[in-house]
Amino acid sequence: MIVLLSVSGVATADRVQEVIDATRFAYGLESAYWEDPVAFSTYDMLYAHYRQGFSPELAAAMTAHTLASDGDLATWVPEQVFVAELGVNEALVWFPTPAAFTEHGLWGLEDYMHVRLRREGGRWVVYWGRDKSAPPAQ
C-alpha cells in the first residue's frame, strides 16, 4: 500500500516505487556487509559501499559504527515503506520500527522511523533519519 501525504510535481507509481526501493536498498547495505565482511577490507571500501545509499555524513557514521561493532546491526530492511512527501529531488518516507529495535529492544528506538532522501547523481540517497513516536501527520 502506498500512502502519499503531500506531493509536488507529478507523482507516478514508478517514482514512488523508486523512492521505496532506494530506502530498502540503503537499509540493506549493513546486512550486506555482514554477509561478506572480507569484501570490504578497508575503510574506503566500506565507506564506498555505504555511499551507494547514504549521504557522505551518514555513510561515514555507518562505516565507523560497523568497524567498531561486534555485529549488532544498527539498521534493518523495512518490510513496508510509506511515502509521506515526494518532490522532484526530495522525499520523506516512514516505516514501522521492528520490536527488536524499540524501547525494549537493542536500540530503544521509538515506534516509527522518518527518513528523508535526496536525489544525488541520478539516484536517491538517505540523508536524514529520526525515530518518532508516530507516523507523519496527515
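A charge is taken to sit over a ring if NZ of Lys or CZ of Arg is within 6 Å of the ring centre and within 35 degrees of the ring normal. In this predicted model, Arg 118 meets that description: it lies over the face of Tyr 127, at 3.6 Å from the ring centre. Arg 116 lies over the face of Trp 128, at 6.0 Å from the ring centre.

Strand β4 covers residues 112-120, and strand β5 covers residues 123-132. The two pair in the antiparallel sense over nine bridges. Within this pairing, His 114 has Arg 130 in β5 as its bridge partner. The hairpin of β4 and β5 has two residues between the strands. Gly 121 in this hairpin takes a positive phi near 55°. Strand β4 also pairs with β3, again in the antiparallel sense, over seven bridges. Here Glu 90 stands opposite Arg 118.

A search of the whole structure finds nine aromatic pairs. One of them joins Trp 94 and Tyr 112. Trp 94 belongs to strand β3 (residues 90-96) and Tyr 112 to β4, so the pair links parts of the chain 18 residues apart. Trp 94 counts as buried because its relative accessibility, 13%, falls under the 20% limit. Tyr 112, at 24%, is partly exposed. Elsewhere, ring pairs link Tyr 27, Tyr 50, Phe 54, Trp 76 and Phe 95 into a cluster.

Side chains of opposite charge can pair when their charged atoms come close. Five salt bridges are counted in the model. In one, Glu 18 contacts Arg 119, with the closest N and O atoms 2.6 Å apart. Glu 18 lies in helix α1 (residues 13-35) and Arg 119 in strand β4, so this bridge ties together parts that are 101 residues apart in sequence. Both partners are partly exposed: Glu 18 at 34% relative accessibility and Arg 119 at 30%.

A further salt bridge joins Arg 51 to Glu 120, with the closest N and O atoms 2.7 Å apart. Arg 51 is in helix α2 (residues 43-51) and Glu 120 in β4, so parts 69 residues apart in sequence are tied together. Arg 51 is buried, at 17% relative accessibility, whereas Glu 120 is partly exposed, at 25%. Glu 120 also bridges to Arg 123, where the closest N and O atoms are 3.2 Å apart. Arg 123 is partly exposed, at 33%.

Technical notes: Residues are numbered from 1 along each chain as its sequence is written. This is a predicted model: local features need pLDDT of at least 70, side-chain atom pairs count only at pLDDT 80 or more; totals for chains, interfaces and linings use all residues. Side-chain values use heavy atoms; hydrogens and water are left out. Rings of Phe, Tyr and Trp (its six-membered ring) pair if their centres lie within 6.5 Å; planes under 30 degrees apart count as stacked, over 60 as edge-to-face and the rest as tilted. Helices (H or I, at least four residues) and strands (E, at least two) are DSSP runs, numbered from the N terminus. Buried means under 20% relative accessible area, exposed over 50%, partly exposed in between (1.4 Å probe, protein chains only). Two strands pair if DSSP finds at least two bridges between them. A salt bridge is a side-chain nitrogen of Lys or Arg within 4 Å of a carboxyl oxygen of Asp or Glu.
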